[in-house]
Structures are given as C-alpha cells and as structure tokens.
Amino acid sequence: MKRRELGSSACPIDRSLHEVGDTWTFQILRDAMHGVTRFTDFSNHIGLASNILTARLQKLVSVGILEVRETEVGHSREYVLTAKGRDFHTVLAALRQWGQKHLFDDDEPMNRAIDARTGQPPRQLTVTAEDGRELTPDDLLMVRSRAKDPIEAAVPIDTPRRQARSHRDGRGHKPQH
C-alpha cells in the first residue's frame, strides 16, 4: 500500500506528524524544551546514532522548528527552538500528562513537570469551548475551509460521527457560531 503524502493533507494532525511524527524527533524536542542545544548533548541524552540525529536536526531546522546558531567558543553550533518550536511545548505537555495518567503504576518512578515558581504540577490540559465548557471528542465536528477564511465559511466534513449525529437528529449539522 502506498503511503499518502501527509505534508499536503488538509488535516492539521497529518501535517504535524509529517514534521515531527517520530519518536526521535519528539525526544529531540523534549530535550530542546529543557535547554539542550548542542549536538553532543542531544546524542548523549537520547542515545541516538549520529547519522539519525543529524537527519532529524536538519529536518527540524528546514521546517523552522529549530534554528542553528554559531557559537563564539570553538566554532560550534547550537540548535535553538524558534517561536514555532516553542509552540510545540503544549503538545509535549499534553503527551506528558496523558502518559502520567495512563502509563505508570503507582509505585513506578516517573519524571514529572512542576511549576518552577510554585512547585505544583500544571493544571490538566483540556480542550475548552469559547464559553469555558470542557469538550470531549463527542462534542467536536470537523469542518473545512481555507486557513485564511472565517470559521463561518467552513463546511462540515462527512465523518462517521457527523453521519451518526445527522441520522439521529434526522438532519445535517451546521456549526454554531
């Protein structure tokens, strides 16, 4: 089966996976969020072969998630998060919270993130509606529009959830604004 091209998909998840969708890249981004900037430090922390690390770092630079800075000392390079890269922090925080909740037994050691100022763990991330309600997958419908268009111009995508809701309601669904 031929793998479809994720980089040109209309789905933001597909496009995100195209840029950062492998274990090594997530580990590089995790370490970059913790202040790792040098090739040898990434290599030592992750235990990744040089050729694979080089390829992943080059890709992250080419898609604008990391930038290369030349250092004064020893003419070496540092890989520094761009604004686009720093925005990935929320994705990693969501993965961390999901993993903490579902992947550890009570007596297992676990790395945890806490607020450096208060010493408390961050509030659990949720998907929240404009009015403050927590949204579950059942509350969401997928719509499509051009990225620059207002949401009012969007049209519903015919997903299994929308089909079931339309069948149950006896009608289609237009997004509420």
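1. In this predicted model, the residues that line the largest pocket divide into 18 nonpolar, eight polar and three charged. The volume of this pocket is about 1,000 Å³, and of its 29 lining residues the closest to the centre are Ile 13, Ala 94, Thr 126, Val 127 and Leu 140.

2. Which elements give two or more residues to the lining of the largest pocket? They are helix H1 (12-20), helix H6 (89-102) and strand S4 (134-135), and among the contributions to the lining that of H6 is the most, at eight residues.

3. Helix H2, which spans residues 23-33, includes Asp 31, and Leu 29 also lies in H2. Leu 29 is buried, with a relative accessible area of 0%, and, when residues up to four places away in sequence are not counted, Leu 29 touches Val 20, Leu 60, Ile 65, Leu 81, Phe 88 and Leu 92. The C-alpha atom of Leu 29 is separated by 7.9 Å from that of Gly 85, although these two residues are 56 residues apart along the chain.

4. With neighbours within four places in sequence left aside, the contacts of Asp 31 are Val 36, Phe 42, His 45 and Ile 46.

5. Strands S1 (residues 66-70) and S2 (residues 77-81) run antiparallel and are joined by five bridges, one of which can be followed from Glu 67 to its partner in S2, Val 80. The two strands form a hairpin with six residues between them, and in the turn Gly 74 has a positive phi of about 70°.

6. In helix H7 (residues 160-169), the buried residues are Arg 162, Arg 165 and Ser 166. Viewed down the axis of H7, these buried residues fall within an arc of 100°, so they line one face of the helix. An α-helix has 3.6 residues a turn, so residues three or four places apart point the same way. Pro 160, His 167 and Arg 168 are exposed on the other side of H7, while strand S6 (155-156) is included in what covers the buried residues.

Key: Residues numbered from 1 in each chain as written. Predicted model: local features only at pLDDT ≥ 70, side-chain atom pairs only at ≥ 80, totals over all residues. Heavy atoms only, no water. Buried < 20%, exposed > 50% of the residue type's maximum accessible area, 1.4 Å probe, protein only. Helix = DSSP H or I, 4+ residues; strand = E, 2+ residues; numbered from the N terminus. Arc of directions from axis to C-beta. Contact = heavy atoms within 4.5 Å. Pairing = 2+ DSSP bridges. 1 Å grid on protein atoms, 1.4 Å probe; cavity = no way out; pocket = protein on both sides within 12 Å on 5 of 7 lines; lining within 4 Å. Points joined across faces, edges and corners; volume = space filled by probe spheres on them. Nonpolar A, V, L, I, M, F, W, Y, C, P; charged D, E, K, R; others polar.
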